[in-house]
Amino acid sequence: FVYTFDHIADVIDRFLIGKRLSGYALYMQDYGGPVGFRIAIRHPERVRGLIIQNANAYREGLGDVMRDIVLPPYTRRTAETDAHLAAFFARRVTEQQYLEGEPDPSLISPDAIEHAQRGLDRPGNHAIQRELLVNYGSNVERYGEWQHYLRDRQPPTLIAWGRGDRIFLPAGAEAYRRDLRNAELHLVDAGHFALESHAAEIAERIRYFLSA
């Protein structure tokens with residue numbers, strides 16, 4: 001299996017087809033955004049709505065770290081780029097992703113960080129994650145296609161975004177409203193993993209959105 005966003009989208013798409021789902025809402029966060037948008041443009045007639053949580057589709061939403069990744073030389077694998085990308089798997093970086101931009105770090109369970117790091121450190125997983133980071137530029141290349149889908153189809157959309165996110169900036173959340181006339185946008189006082197501290201608030205907004 002070659003780890004690319006296209007191939008992951010293929011797996012999820014086959015799952016949805018196998019379940020015979022004729023319609024669904026897509027919840028997209030981080031890497032789930034590129035996967036979800038690929039599915040949405042394949043089957044726009046099946047998408048009943050989008051829930052977007054810190055999942056980027058606009059260049060202005062790319063933080064410094066992500067901008068570096070989508071530019072050469074990190075769009076191809078070499079010994080040099082592998083060494084650079086290896087830093088992303090250190091525990092301090094995982095902690096930073098969970099805690100940075102969160103006004104009250106005490107709301108973040110240490111178990112969440114531990115669980116993420118244990119999964120990241122599984123044998124062979126660093127190589128997989130390097131492949132996905134190198135492939136991330138393929139998502140930016142398709143931003144225009146996804147934006148056209150949003151403008152053309154106008155799917156009902158709820159956007160819940162941690163305003164302290166340094167990976168995908170709040171400007172990326174605001175940008176959706178250029179293409180979606182009726183998008184519902186909520187910036188919450190959280191970082192990249194907003195559910196860790198604001199699950200109840202975001203869940204309530206999702207319940208209301210899906211019941212409308």
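Of the 212 residues of the protein chain, 47% count as buried, where buried means under 20% relative accessible area, exposed over 50%, and partly exposed in between (1.4 Å probe, protein chains only). The structure is a predicted model, in which local features need pLDDT of at least 70, side-chain atom pairs count only at pLDDT 80 or more, and totals for chains, interfaces and linings use all residues. Residues are numbered from 1 along each chain as its sequence is written, and side-chain values use heavy atoms, with hydrogens and water left out.

**Overall architecture**

- The protein chain has 11 helices and four strands; helices (H or I, at least four residues) and strands (E, at least two) are DSSP runs, numbered from the N terminus.
- The radius of gyration of the protein chain is 17 Å, close to the 17 Å that the globule rule gives for 212 residues, so the chain is as compact as a globular protein of that length. The radius is taken over C-alpha atoms, and the globule rule is 2.2 Å times the number of residues to the power 0.38.
- The C-alpha trace of the protein chain spans about 45 × 40 × 35 Å along its principal axes.
- Among contacts in the protein chain with a separation of 6 or more, 75% involve residues 24 or more positions apart; contact means heavy atoms within 4.5 Å.

**Surface and charge**

- The accessible surface of the protein chain comes to about 10900 Å², and 52% of this belongs to carbon and sulfur atoms. Accessible areas come from the Shrake-Rupley method with a 1.4 Å probe; for residues, only the protein chains shown count as cover.
- The protein chain has 26 positive and 29 negative side chains, and the centres of the two sets lie 6 Å apart. Lys and Arg count as positive and Asp and Glu as negative, while His and the chain ends are not counted; the place of a charge is taken as NZ of Lys, CZ of Arg, CG of Asp or CD of Glu.

**Helices with one buried face**

- In helix α4 (residues 79–86), Thr81, Asp82 and Leu85 are buried. Seen down the axis of α4, these buried residues fall within an arc of 105°, so they line one face of the helix; the arc is that of the directions from the helix axis to the C-beta atoms.
- Ala79, Glu80 and Ala83 are exposed on the other side of α4, and the cover of its buried residues includes α7 (125–135).
- In helix α5 (residues 91–99), the buried residues are Val93, Thr94 and Tyr98. They fall within an arc of 135° seen down the axis of α5, so they line one face of the helix.
- The buried residues of α5 pack against α6 (110–120) and α11 (195–211).
- Helix α9 (residues 143–153) has Tyr143, Trp146, Gln147, Tyr149 and Leu150 as its buried residues. Seen down the axis of α9, they fall within an arc of 155°, so they line one face of the helix.
- The cover of the buried residues of α9 includes α2 (32–42), β2 (47–53), α8 (137–141) and α10.

**Positive phi angles**

- Most residues other than glycine have a negative phi.
- Asp30, in the loop between β1 (24–29) and α2, has a positive phi of about 50° although it is not a glycine. Asp30 is buried, with a relative accessible area of 14%.
- Asn54, in the loop between β2 and α3 (64–69), also has a positive phi of about 50°. Asn54 is buried, with a relative accessible area of 0%.
- Gln154 follows α9 and has a positive phi near 50°, while Gly101 follows α5 and has a positive phi near 85°.

**Arg166**

- Arg166 is placed in the loop between β3 (157–162) and α10 (170–179), and counts as partly exposed at 46% relative accessibility.
- Leaving aside neighbours within four places in sequence, Arg166 is in contact with Gly63 and Glu100. The C-alpha atoms of Arg166 and Glu100 are separated by 7.4 Å, although the two are 66 residues apart along the chain.
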